Amino acid sequence: MDFNVSADPPHIVEFRKEVRAWLEENMHGAEHLRWSASWSTRENDEEYKFRRGLAEKLGAKGWLFPIYPNEYGGAGLTVDHQMVLETELFRYGLNLSHVFYTLACIVAPVLIRWGTEEQKREFLPPITRAEICVW
């Protein structure tokens with residue numbers, strides 16, 4: 001078995017550059033924030049407001065749920081793309097599930113797997129774009 005780590009393919013290298021530049025721009029001004037591991041922050045807290053805004057921006061690009069199909073608000077990307085997003089966010093002390101409500105990372109997969117087509121089309125786009133919070 002070959003366990004050598006190979007370099008990213010060119011399309012992933014370009015995606016990493018895009019994500020890194022986007023995050024540098026969109027994380028600007030949040031350097032002083034200390035990310036809580038849970039969503040105990042409230043709407044009047046600066047961290048909460050910043051994360052909500054970041055989630056909405058990521059969701060608008062389909063990057064909040066990057067491997068979800070476009071028609072459900074994802075970006076239709078691969079696991080390799082999701083790993084890029086995760087590792088680049090980790091440079092800021094975050095991961096995708098901590099940018100947005102962790103429960104969305106439970107509810108959305110349940111809908112993808114067991115939801116009717118009508119439920120998927122109604123609920124997934126606003127969840128994946130961070131327009132609504134689910135509990």
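## Contacts and overall fold

In the protein chain, 60% of the contacts with a separation of 6 or more are between residues 24 or more positions apart. Keep in mind that you are looking at a predicted model.

As for secondary structure, the chain has six helices and zero strands. Walk along the sequence and the pattern reads α-α-α-α-α-α. The chain runs to 135 residues, and 40% of them count as buried.

## The nonpolar core

So what sits in the middle of things? The largest nonpolar core takes in 33 residues. If you want the ones with the most contacts inside this core, look at Leu54, Leu58, Trp63, Leu64, Phe65 and Val99. At least two core residues come from each of α1, α2 (46-61), α3, α4 (96-99), α5 (104-114) and α6 (117-128). Helix α1 gives the largest share, with five residues.

Leu58 is a handy place to start if you are clicking around. Ignore its neighbours within four places in sequence, and Leu58 is still in contact with Trp22, Trp63, Leu64, Leu96 and Val99. Three of those partners, Trp63, Leu64 and Val99, are also on the list of core residues with the most contacts.

## How α1 meets α3

Next, the pairing of α1 (residues 10-26) with α3 (residues 79-90): these two helices pack at an angle of about 35 degrees. Their axes are 10 Å apart, and the crossing is right-handed.

On the α1 side, the residues making the contact are His11, Ile12, Phe15, Arg16, Val19, Arg20 and Leu23. Helix α3 answers with Asp80, His81, Val84, Leu85, Thr87, Glu88 and Leu89. Sorted by class, that contact comes to seven nonpolar, three polar and four charged residues.

## The last helix, α6

Helix α6 has twelve residues. From its first C-alpha to its last, α6 reaches 16 Å, close to the 16 Å expected at 1.5 Å a residue.

Which residues of α6 are buried? They are Lys120, Leu124, Pro125, Pro126, Ile127 and Thr128, so a lysine and a threonine are on that list by the under 20% relative accessible area cut-off. The cover over these buried residues includes α2 and α5. Just after α6 comes Ala130, which takes a positive phi of about 60 degrees.

Note on methods: Residues numbered from 1 in each chain as written. Predicted model: local features only at pLDDT ≥ 70, side-chain atom pairs only at ≥ 80, totals over all residues. Heavy atoms only, no water. Axes fitted to C-alpha atoms, helices over the stretch in contact; angles between N-to-C directions. Helix = DSSP H or I, 4+ residues; strand = E, 2+ residues; numbered from the N terminus. Left-handed = near helix turned anticlockwise from the far one by under 90°. Contact = heavy atoms within 4.5 Å. Nonpolar A, V, L, I, M, F, W, Y, C, P; charged D, E, K, R; others polar. Core = buried A, V, L, I, M, F, W, Y, C linked by side-chain atoms within 4.5 Å. Buried < 20%, exposed > 50% of the residue type's maximum accessible area, 1.4 Å probe, protein only. Expected span 1.5 Å × (residues − 1).
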